[in-house]
Every structure is written in structure tokens, then in C-alpha cells.
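Subject: Structure for your files

Dear colleague,

Here is the structure I said I would pass on. My notes come after it.

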Amino acid sequence: MFQWSKKKVVKSVTFEPEIADESLLVQVEGYLEAKPEKTFSDLCKEALWQALCVPESGQRDLKAVDMTTVEQQINDLKRQVAGFEERFFAKESNRLQLMESQMLQLSQQVAQLALILGERQFSQTPISSVATAEVVGNSTYSPEPPLEEVDPVISRLSQFLDDF
């Protein structure tokens, strides 16, 4: 007795260059064009079922098994997509956290720079101006500090500091 293995069995069909085979091939191609959901393999199996006089109940059981494997494949694909999404979102979340920490560091550095600039301007105020302001008394007049050269980088950064 012939024993089937669990592996996929592939058999071939040969169409000879005879009129009968060529006309059959034309019929097969026409049938498959009319029903694109069918494959040549499906057509061969249906023909074998009919030729061997297998009742349709046996054919339906085979189709149910095919649907079960299709559903399993769909579920497997869903799990794979879910795993991919999980890895993708975890990676993007890590990148977002890294960017947030870098932004925090940058804002701290800008704040430190603002303090340094403030201290520099305060320490460079001439003593005579302070004395003049004290002599004037409680008036709100204070002479402007002399113009000094401003570093272009600092002037650019001061624009950003104003926005904060």
C-alpha cells in the first residue's frame, strides 16, 4: 500500500503539441481567467475528485482544512505585524526620550549661558558710572555703559534667549 508523507507532493502535467492537448490547455486558461481565485492546482484537484467519483462531502472537508490553514496563516501574520509594531514603537519611544533629554540639556546650557552673559555685563559696568548714579540720588537716570564689541555668536544666542 502507498504511504503519503507529510511533505508537499508536487506532480506535473505535460501538454503535448497535439490538437487535443492544445485545445484542453486553451480551455484551462479560459477557465482560470474567468475565475482568478482558482489556481491550476485547484482545477486539477477538482477534476481528480470528479474523475475518481469522490462524494462532494469529502471535497468540502478538504476545503474546510484549507480554510483552517489560511486562518492560521492570517493569525501568524497578525502576530508578526503586532511584534513588528511593538519593536518599532519601542525604538521610536527610545529615540523620543533621547531627544527630550538632549533638549533638556540644551535648555540648561542656554540658561547657564544667560547667567554668564548677565554676570559679564554686570561686572563690566564702570565704577564711575555707579558712583555717578549714587550722586544723582534717587533719580532713575543711569548713564549707559560704553559700547563694546559684541561677539557675533553671543548676539545670535541673545535672540534665542529673548524668546525664552
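The notes below cover confidence and fold, then the charged residues, then the aromatic rings.

Confidence and fold

Please keep in mind that this is a predicted model. The mean pLDDT of the protein chain is 77, with 69% of its residues at 70 or more. Where pLDDT is low, the predicted coordinates should not be read in detail.

The secondary structure consists of five helices and zero strands, which gives the pattern α-α-α-α-α along the sequence. The chain has 164 residues, and 5% of them are buried. Taking contacts between residues at least 6 apart in sequence, 35% join residues at least 24 apart.

Asp-21

Asp-21 sits in helix α1 (residues 19-34). Asp-21 is buried but has no salt bridge. What is the nearest side chain of opposite charge to Asp-21? That is Lys-11, and it is 18 Å away, whereas a salt bridge would need a nitrogen within 4 Å of a carboxyl oxygen. The side chain of Asp-21 does reach the backbone nitrogen of Glu-16, at 2.8 Å. Leaving aside residues up to four places away in sequence, Asp-21 touches Glu-16, Phe-15 and Thr-14.

Salt bridges

The whole structure contains three salt bridges.

- Lys-38 and Glu-46 are joined through their side chains at 2.4 Å, N to O. Lys-38 is partly exposed, at 22% relative accessibility.
- Asp-76 and Arg-79 form a salt bridge with an N to O distance of 2.1 Å. The two are three residues apart in helix α3, so about one helical turn separates them. Asp-76 is partly exposed at 35% relative accessibility, while Arg-79, with a relative accessible area of 55%, is exposed.
- Glu-92 and Arg-95 meet at 3.3 Å, N to O. Both belong to helix α3 and lie three residues apart, about one turn of the helix.

Aromatic rings

The count of aromatic pairs comes to three. In one of them, Phe-84 with Phe-88, the ring centres are 6.3 Å apart and the planes are at 20 degrees, so the pair is stacked. The cut-offs behind that are centres within 6.5 Å and planes under 30 degrees apart. Phe-84 and Phe-88 are four residues apart in helix α3 (residues 56-123), and therefore about one helical turn separates them. Phe-84 counts as exposed at 51% relative accessibility; Phe-88 is partly exposed, with a relative accessible area of 40%. Together with Phe-89, Phe-84 and Phe-88 make up one aromatic cluster.

Regards

How values were computed: Residues are numbered from 1 along each chain as its sequence is written. This is a predicted model: local features need pLDDT of at least 70, side-chain atom pairs count only at pLDDT 80 or more; totals for chains, interfaces and linings use all residues. Side-chain values use heavy atoms; hydrogens and water are left out. Buried means under 20% relative accessible area, exposed over 50%, partly exposed in between (1.4 Å probe, protein chains only). Lys and Arg count as positive and Asp and Glu as negative; His and the chain ends are not counted. A polar contact is a pair of N or O atoms within 3.5 Å; within protein, one must be able to donate a hydrogen and the other to accept it, and residues adjacent in sequence count only if both atoms are side-chain atoms. Contact means heavy atoms within 4.5 Å. Rings of Phe, Tyr and Trp (its six-membered ring) pair if their centres lie within 6.5 Å; planes under 30 degrees apart count as stacked, over 60 as edge-to-face and the rest as tilted. pLDDT is the predictor's confidence in each residue, from 0 to 100.
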